[in-house]
2 protein chains.
Amino acid sequence: MDQVTSAQHWMAQQMGLIIPHLSVDCVVFGFHENQLRVLLLRFKNTEVWALPGGRVYREEPVNTAAVRVLEQRTGLRGLYLQQFHTFGDPDRLHSSDFQAILAQQNIRIEASSLLFDRTISVGYYALVEFAQVSPAPDQLSDECRWWDIRDLPKLFFDHNEIVAVAVRTLRQRLSYEPVGLNLLPEKFTMPELQRLYETLLGQPLDRRNFQKRMLAYDFLQRLDERRTGGAFKAPYLYRFDRERYAAVLQGGGLAFG
Amino acid sequence: MDQVTSAQHWMAQQMGLIIPHLSVDCVVFGFHENQLRVLLLRFKNTEVWALPGGRVYREEPVNTAAVRVLEQRTGLRGLYLQQFHTFGDPDRLHSSDFQAILAQQNIRIEASSLLFDRTISVGYYALVEFAQVSPAPDQLSDECRWWDIRDLPKLFFDHNEIVAVAVRTLRQRLSYEPVGLNLLPEKFTMPELQRLYETLLGQPLDRRNFQKRMLAYDFLQRLDERRTGGAFKAPYLYRFDRERYAAVLQGGGLAFG
DNA sequence: TTTTCAATGTGTATTTTAAACACAATGATA
DNA sequence: TATCATTGTGTTTAAAATACACATTGAAAA
């Protein structure tokens, strides 16, 4: 089976299995070297970058589709994943862009006419531990890697807007939920946590007040261990105590920011 | 054309015009007699109540579909309307419920097989001025009226959950945006505003502190008029100054709650 | 070995914000 | 005209956020 027929066959098979006009797109956030990053895919034989996304199977919950896409792209299960917005404008797909890509995939336009149709996309964002992820391209892409959020290229279709909305949502949530902790490894230092918050909020924070407030929430557990090896004084390691966090939520309010 | 053929014809025509497997559902909030209310429809010849909703046309933005549905149901344009969540579980539609309804509509099951298919619904909530709304049933319903949020019947499919998520979202937003003002008439008194907040937050608030804080936000304009006619001392009328609100947002933060 | 130094760990004073609280004024009703 | 439930306003107190300073650490340099 040559490449063209193979691609056609794959796509034709997909058509019957999926819900038409619907897709999921995932904004995968990671934190590395004090910068917020997102995972992007580069389409085969092109310089076009896009969010990891995919179709929803006929009998599959939309959330599950997002989980599936993410597992394929990151190798991770059980990610922190949140639906944040659905993008439903008819002009969000520009078929000229799309045709260029499909041509490179050696896929016949007629065979994929349904893919040209208008698509409504449910947007999810995931928070992952950077070091745990093994970026893996899919059938349609050559490359999968992290991009600094401040330096994204022009993305496929409206994916720049999707990222922007995801970032805005993440910042808002940060004000009343410790979402940021999902971006750090299990053990982390207070300065690391602070730098994450500073990056997300886009402003410097007072070291002493930050620590005071974080500890006041009473869901961080200080370990006896310290982060050794780094230059200068070794900071303590902390762990996010999810059980205690649940207890704090039960017992009333919680306010970050 | 008898009723059966007419309904079949209408539905067949709809099939070609709409995007399959996709719908919008609207939670229309109103405030009356110190209670939060939602607009519900009762299906023809049944006691089944449901949210106003509808299909999305092939070339229509999803947001526009929601606006269109709302205009038909409330007679209002330019409503405060927010997308809040997309409901995409395959088992959210129970075809047994659905069949009972369709039978009452005298619609042949075969003719509407696509309608039985799994449907992903984009949820919107609208905030409207109660007195301005003229509830109007659609082709499939006999009745359209307000229901107290605390006393809803068992609704169609997963509409109870949709309402619950909408209420939760509304309460959260109230903490950092004066959404509540969209539920009041143009001119309102401070006690009226306070009762709205108390209802939405589900707790009593101190009258003097409430007024102090609201006025501190600096987007309420006190008029010389007073609400006369009521028993006892006549309270001042206020107006929400949207221009000043925009200015306040520009100039930095804003925190309700 | 000792010194250096950039970063961490901790505490207190100050300001700002939210919460608690009390009395005078009003205007329809009795 | 007396009543009274409600409105209008200010002050006092507590809590939370902010500003700020010095001792400690541990690798690296001298």
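Reader: Why is Arg227(A) called partly exposed?

Author: Its relative accessible area is 31%. Buried means under 20%, exposed over 50%, and partly exposed in between (1.4 Å probe, protein chains only). The value of 31% falls in between, so Arg227(A) is partly exposed.

Reader: What kind of model is this, and how are residues and chains labelled?

Author: This is a predicted model: local features need pLDDT of at least 70, side-chain atom pairs count only at pLDDT 80 or more, and totals for chains, interfaces and linings use all residues. Residues are numbered from 1 along each chain as its sequence is written, chains are lettered from A and ligands numbered from 1 in the order in which they are written, and side-chain values use heavy atoms, with hydrogens and water left out.

Reader: What makes Glu192(A) and Arg227(A) a salt bridge?

Author: Their side chains meet at 3.0 Å, N to O. A salt bridge is a side-chain nitrogen of Lys or Arg within 4 Å of a carboxyl oxygen of Asp or Glu. The distance of 3.0 Å is within 4 Å, so the pair counts. Glu192(A) lies in helix 6 (residues 190-201) of chain A, and Arg227(A) in the loop between strand 9 (220-226) and strand 10 (236-240), so the pair ties together parts 35 residues apart in sequence. Helices (H or I, at least four residues) and strands (E, at least two) are DSSP runs, numbered from the N terminus.

Reader: Is Glu192(A) buried, exposed or partly exposed?

Author: Partly exposed, at a relative accessible area of 22%.

Reader: How many salt bridges are there over all chains?

Author: The structure holds 29. One network of salt bridges links Arg42(A), Asp142(A), Glu143(A) and Arg145(A).

Reader: What do Arg92(B) and Asp158(B) tie together?

Author: Their side chains form a salt bridge at 2.8 Å, N to O. Arg92(B) sits in the loop between strand 5 and helix 3 (95-104) of chain B, and Asp158(B) in the loop between strand 7 (141-148) and helix 5 (159-174), so parts 66 residues apart in sequence are joined. Both Arg92(B) and Asp158(B) are buried.

Reader: How do you know that Glu225(B) and Lys187(B) form a salt bridge?

Author: Their closest N and O atoms are 2.8 Å apart. Glu225(B) has a relative accessible area of 40%, hence partly exposed. Lys187(B), at 32%, is partly exposed too.

Reader: Why does Arg68(B) count as buried?

Author: Its relative accessibility is 19%. The limit is under 20%, so Arg68(B) is buried. Arg68(B) lies in helix 2 (residues 62-74) of chain B. Leaving out residues up to four places away in sequence, Arg68(B) touches Arg55(B), Val56(B), Tyr57(B) and Glu60(B). Contact means heavy atoms within 4.5 Å.

Reader: What makes the Arg68(B) and Glu60(B) pair a polar contact?

Author: The two side chains come to 2.8 Å. A polar contact is a pair of N or O atoms within 3.5 Å; within protein, one must be able to donate a hydrogen and the other to accept it, and residues adjacent in sequence count only if both atoms are side-chain atoms. The pair is within the limit, so it qualifies.

Reader: Is Phe31(B) buried or exposed?

Author: Buried, at 10% relative accessibility. Phe31(B) is in strand 1 of chain B. Beyond four places in sequence, its contacts include Leu36(B), Phe130(B), Leu183(B) and Thr199(B).

Reader: How large is the buried area between chain B and chain A?

Author: About 1700 Å², 56% of it on carbon and sulfur atoms. Buried area is the accessible area (1.4 Å probe) that two parts lose on being put together, summed over both. Here 22 residues of chain B contact 22 residues of chain A.

Reader: Which element gives the most to the side of chain B that touches chain A?

Author: Strand 1 of chain B, with 4 residues.

Reader: What makes the relation between the chains a two-fold axis?

Author: Chain B can be laid on chain A with an RMSD of 0.0 Å by a turn of 180° and a shift of 0.0 Å along the axis. That is the relation of a two-fold axis. The same surface serves both copies: 100% of the contact residues of chain B recur in chain A. Copies are superposed by least squares on the C-alpha atoms of residues with pLDDT of at least 70 in both.
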